[in-house]
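Keep the structure open while you read.

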Amino acid sequence: MQTTELDPTLSQTLTDAENTGLKLVIGTKNYSSWSMRPWVVMTAFNIPFEEVRIILGRADTSTQIARFSAAGRVPVLIAGETVVWDSLAICEYLAEQFREKALWPTNVAARAMARSVCAEMHSSFGGLRAAMWMNIRVGFPGKGRTPAAQADIGRICEIWEDCLARSGPHEFLFGEFSIADAYFAPVVMRFRTYGVSLAPALQAYVERVAAHPAVARWIADALAEQERSPAYDVYPD
Ligand SMILES: N[C@@H](CCC(=O)N[C@@H](CS)C(=O)NCC(=O)O)C(=O)O
């Protein structure tokens, strides 16, 4: 056993992860927006897990991912014999398994709306994804403003304004931090990278999400990564 050499907090986390048996397979943190969502949820809600990080964009990336999921995508959650792939399915699985932690809002109407905005995030915003990919480390101010990306930014602002009008200007989208905020965390990263100017209330929301301890940890990990995907580090003219 090497645990005696680990710092006590990490050692406890690893012991807890062995007990829950949860393993989250993710991609490179600087780039993997889909991986960020369930990782932030699990970290924010103190759900212990073992992290398995696969470097994206390498010759063996597909082979590495195939060890865990035939779908060929990360994130993947391994819970004993149960394999859950796709970020939204993972969040739903966690919400069911850890009901006492209220990963979704507790109010039924708020929960329905939170699920709707996550489903919309999950199935839409192709313009934003294509022109403004997640890259936490760099700055691409003003880049990527294609008409489709602009339309997506407009719709996201509308969603955030609507949620914050109901929850309160100093709150998260549904009051307490929830899956919905984790779902939009990669958008927050993009808005920072690409310097999207926002109304003050929405800018404050961006800063609130970025400062959340779970999000801040992901950002710190992403900044510490040594791996580079050159195609995503320079914005083409
Ligand atoms: N809809 C999926 C999308 C997952 C996805 O596209 N993941 C990317 C990384 S962010 C991936 O695994 N790409 C495979 C690769 O780069 O080889 C989800 O929500 O989990």
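Let's begin with how burial is judged: a residue is buried if 20 or more other C-beta atoms lie within 10 Å of its own, exposed if 12 or fewer, and partly exposed in between, with C-beta atoms placed from the backbone. Proline 48 has 17 C-beta neighbours inside 10 Å, so it counts as partly exposed. You'll find proline 48 in the loop between helix 2 and strand 2 (50–53); helices (H or I, at least four residues) and strands (E, at least two) are DSSP runs, numbered from the N terminus. Proline 48 and threonine 20 are 28 residues apart in sequence, yet their C-alpha atoms are 6.9 Å apart in space.

Two housekeeping points. Residue numbers start from 1 along each chain as its sequence is written. What you're looking at is a predicted model, where local features need pLDDT of at least 70 and side-chain atom pairs count only at pLDDT 80 or more, while totals for chains, interfaces and linings use all residues.

Now step to the ligand. A residue is near a molecule or strand if its C-beta atom, placed from the backbone, lies within 6 Å of it. There are 14 residues around the ligand, and Ser32, Trp34, Arg73, Asp86 and Ser87 come nearest. Helix 2 (33–44), helix 3 (61–66) and helix 4 (87–97) each give the shell at least two residues, with helix 2 supplying the largest share, three residues. By class, the shell has five nonpolar, seven polar and two charged residues. For those classes, Ala, Val, Leu, Ile, Met, Phe, Trp, Tyr, Cys and Pro count as nonpolar, Asp, Glu, Lys and Arg as charged, and the others, Gly among them, as polar.

Helix 2 also packs against other helices. Its axis comes within 8 Å of that of helix 10 (residues 213–224), and the two cross at roughly 130 degrees. Axes here are lines fitted to C-alpha atoms, for helices over the stretch in contact, and angles run from 0 to 180 degrees between N-to-C directions. Helix 2 and helix 10 are therefore oblique to each other; angles under 35 degrees count as roughly parallel, over 145 as roughly antiparallel, 65 to 115 as roughly perpendicular and the rest as oblique. Where do helix 2 and helix 10 meet? On the helix 2 side look for Met36, Trp39, Val40, Thr43 and Ala44, and on the helix 10 side for Ala214, Val215, Arg217 and Trp218. That contact divides into seven nonpolar residues, one polar and one charged.

Helix 2 packs with helix 8 as well, at an angle of about 145 degrees and with axes 8 Å apart. Among the residues that meet there are Met36 and Val40 from helix 2 and Ile179 and Tyr183 from helix 8.

Follow helix 8 (residues 179–193) to helix 5 (residues 108–123): their axes come within 9 Å and cross at roughly 20 degrees. The two helices are therefore roughly parallel to each other. Ala114, Val117, Cys118 and Met121 in helix 5 meet Ile179, Ala180, Tyr183 and Phe184 in helix 8, a contact of eight nonpolar, no polar and no charged residues.

Finally, zoom in on cysteine 118 in helix 5. It counts as buried because it has 23 C-beta neighbours inside 10 Å. Leaving out residues up to four places away in sequence, cysteine 118 touches Leu88, Ile179, Ala180 and Tyr183; contact means that the C-beta atoms of two residues, placed from the backbone, lie within 7 Å. Cysteine 118 and tyrosine 183 are 65 residues apart in sequence and 6.3 Å apart in space, C-alpha to C-alpha.
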